[in-house]
2 protein chains.
Amino acid sequence: MKLSANQLNFSGGPGALPESVLQQLHTAMLCVPEVGLSILGISHRSEWFAQVVHELEDNMRQLMGLPASTRVLMMQGGATQQFSMLPMNLLRNGQSADYIHSGYWSGKAIHEAEKSGQLQLAWSGKADQFGRLPSDAELQLSKDAAYFHYISNETVEGLQFHRVPGRDDVPRICDMSSDLLSAPGDFNRYAMIYAHAQKNIGPAGVTMVILRDDFMNSLPDDLPGFINYHAQADAHSIYNTPPVFAIYSVLLVTRWLRDEIGGLPNIAKRNQQKADCLYQVLDDHADFYRGRAAVADRSKMNVVFNLPNAEIEQAFLQAAQLAGFSGLNGHRSIGGIRASIYNGLESAAAEQLADFMQTFRKRYKATTQTTVRSPAYA
Amino acid sequence: MKLSANQLNFSGGPGALPESVLQQLHTAMLCVPEVGLSILGISHRSEWFAQVVHELEDNMRQLMGLPASTRVLMMQGGATQQFSMLPMNLLRNGQSADYIHSGYWSGKAIHEAEKSGQLQLAWSGKADQFGRLPSDAELQLSKDAAYFHYISNETVEGLQFHRVPGRDDVPRICDMSSDLLSAPGDFNRYAMIYAHAQKNIGPAGVTMVILRDDFMNSLPDDLPGFINYHAQADAHSIYNTPPVFAIYSVLLVTRWLRDEIGGLPNIAKRNQQKADCLYQVLDDHADFYRGRAAVADRSKMNVVFNLPNAEIEQAFLQAAQLAGFSGLNGHRSIGGIRASIYNGLESAAAEQLADFMQTFRKRYKATTQTTVRSPAYA
């Protein structure tokens, strides 16, 4: 099966989008069929766009199994804006919030939030170089916290929570930027979920915020509009001009999930297959492909590993690129290799990468048995 | 000359983009030629995207005649976010700022800014129903203001400043959302200029912020990253994942302005032609097409007018739509008719609309001379 360059994109984000969504956006750039205009020239105040937002809200609730009262917002500013908006909304009267520090991105969340409020560390994986996630027993959680915050999937280190941590009597807030819509979950146990789009949901430039009604009602309503969840919700994400193109793209992704994939249980199966086939190579050849994450906490979105040394890693990346794979370099903060296998990536792409990894290892071993440090193994 | 639906789009915003830019974005949706990937799957940390931002910054400085020290940022959140960021950055120690209230959008700017700081009204056009702009003598400006703020073009009322108001000894800040890049100007007299993209610059989802270095250095650096101009500038608009597609689109628009149009003096000529040909119809038939703005303050971006009554306005809009024109309805706050003639709209489109307006009037007059209130004039 011959896959296109877009289909062999293992980038950590912005990630690959489904081929059928790209084709529809390709068409929409010149003409959205129902409207007769380029998607870039359609008013955000049009009937058509109101329907786009309405259907998108419904699709999200349907896919995630959320009640009709749940608010679904499309905002700007990325997860980074949410990092700050949470304490700006919830900690301004001196309250404190509990945060898990499980890797690079939760570190960023804490760094930004500390500028606007007081935090308590529920757990930190720093001493373990963020190689694992905490057990429930290790978490220091206060019943008086204004909220409890964690990141469900750490893209840099390749760690993913496979359970719902936290107390049910404290608002649970989760940054699901890199795994929302990748599998079913107990989404009703969250006061708020947020996720930028550019992993599983759509292009960079829009951020999904999902708020439980009772939690929403506890938030202040006197903040400026751009950081006011009430204002954004009341306006159905059209408080001011929203990123029309990005929101339309997200709608198409939810339609794809619903109609072509058949919902979250099915995409979860496909994501599991992709993860299994790559982790199998790591397990079969642990001497050569060294997985970064503790086995129990392995991410189904980001398979992060090292090779015996940096030179071999460079050779691997070069050979992979020649073979048509892209985006396999690890995050700039830790290097190594990262295969991001978000929703848009097909199983065949992961299988091809697994085959490539097997072949690369064999060639390397064969070369190093006859000559030392030959560049020919690439 | 047969124009496409996109070329006859007179929407108030998001507005029509140039045909050649749409064609390049149509291609980029599947494959950016230099990269080999969809624009939606390219990492914002790639060399290629760093070049996109670099060239865009340079193109803006070149087009506007700004020194190399000027900072050019691409941010999220629209002009609305800037409405709040200004007082959050500049008025937090109790200072006051001067604002002109010249129409709907400056009213919004004032409404948002008041939530975060203290403002003084330099002038309000409310008593005149925002039908004109102030003279210099009418402006109440304080030399102690932290800054002076105005909106260069009011899209709803069709009013545009054709001079630079304000004092040179107070930082001058202008929202040029609807006329930046539409004509040359004394841009060095501004401490800061901002503009969302979706009129003349690109698609909705990105906002240009242009800061003079000395003003930039006077801003606080301890705010959260998403509202911190220093953090955004130091990172060259990649503090966190930016709206890659929207920024690339803006780059293409600046290339189009530079290479196809030949710079701001040339686009200004074209914009003047479009405005002239529509205002000529208003002036020739003032009994039928009633321009909203005082003649001296007429906008070259938004030609706003009424017809003798709301029924005729509805007939006009229906007939215009049948003739292939779109987006001609006035803003929801005031109704009437609005022809937005941003950069992307070709002169031929304005000429066709002017012809249509002549014809519509003749038919209406002919019909009403023989039968009263016949619907046949459409």
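Student: Is Ser102(B) buried or exposed?
Tutor: Ser102(B) counts as buried because its relative accessibility is 1%, and buried means under 20% relative accessible area, with exposed over 50% and partly exposed in between (1.4 Å probe, protein chains only). Keep in mind that this is a predicted model, where local features need pLDDT of at least 70, side-chain atom pairs count only at pLDDT 80 or more, and totals for chains, interfaces and linings use all residues. Side-chain values use heavy atoms, without hydrogens and water, residues are numbered from 1 along each chain as its sequence is written, and chains are lettered from A and ligands numbered from 1 in the order in which they are written.

Student: OK, where is Ser102(B) found?
Tutor: In chain B, Ser102(B) is in the loop between strand E2 (96-101) and helix H4 (104-113). Helices (H or I, at least four residues) and strands (E, at least two) are DSSP runs, numbered from the N terminus.

Student: And which residues is Ser102(B) in contact with?
Tutor: Leaving aside neighbours within four places in sequence, they are Trp123(B), Phe130(B), Leu133(B), Ile151(B), Glu154(B) and Leu159(B). Contact means heavy atoms within 4.5 Å.

Student: Which side chain makes a polar contact with the side chain of Ser102(B)?
Tutor: That of Glu154(B), at 2.8 Å. A polar contact is a pair of N or O atoms within 3.5 Å; within protein, one must be able to donate a hydrogen and the other to accept it, and residues adjacent in sequence count only if both atoms are side-chain atoms.

Student: Which strands does E7(B) pair with?
Tutor: Strand E4 (residues 148-151) of chain B runs parallel to E7(B), with 4 bridges. Strand E8 (residues 192-196) of chain B is also parallel to E7(B), joined by 3 bridges. Two strands pair if DSSP finds at least two bridges between them.

Student: Where does Cys174(B) come in?
Tutor: Cys174(B) is the bridge partner of Tyr150(B), and Cys174(B) also stands opposite Ile193(B) in E8(B).

Student: Now the two chains. How many residues are in contact?
Tutor: 51 residues of chain B are in contact with 52 residues of chain A. Together the chains bury about 4,300 Å², with 60% of it on carbon and sulfur atoms. Buried area is the accessible area (1.4 Å probe) that two parts lose on being put together, summed over both.

Student: Which three residues supply more of chain B's buried area than any other three?
Tutor: Leu30(B), Leu40(B) and Phe226(B), which supply 16% of the area that chain B buries against chain A.

Student: How many salt bridges are there between chain B and chain A?
Tutor: The count is 0, where a salt bridge is a side-chain nitrogen of Lys or Arg within 4 Å of a carboxyl oxygen of Asp or Glu. The rule does find 19 residue pairs in polar contact across the interface, both residues at pLDDT 80 or more.

Student: Last one: how is chain A divided?
Tutor: Into domain 1 (19-261) and domain 2 (262-366), with bounds from an automatic or database domain assignment. Their centres, taken over C-alpha atoms, are 27 Å apart.
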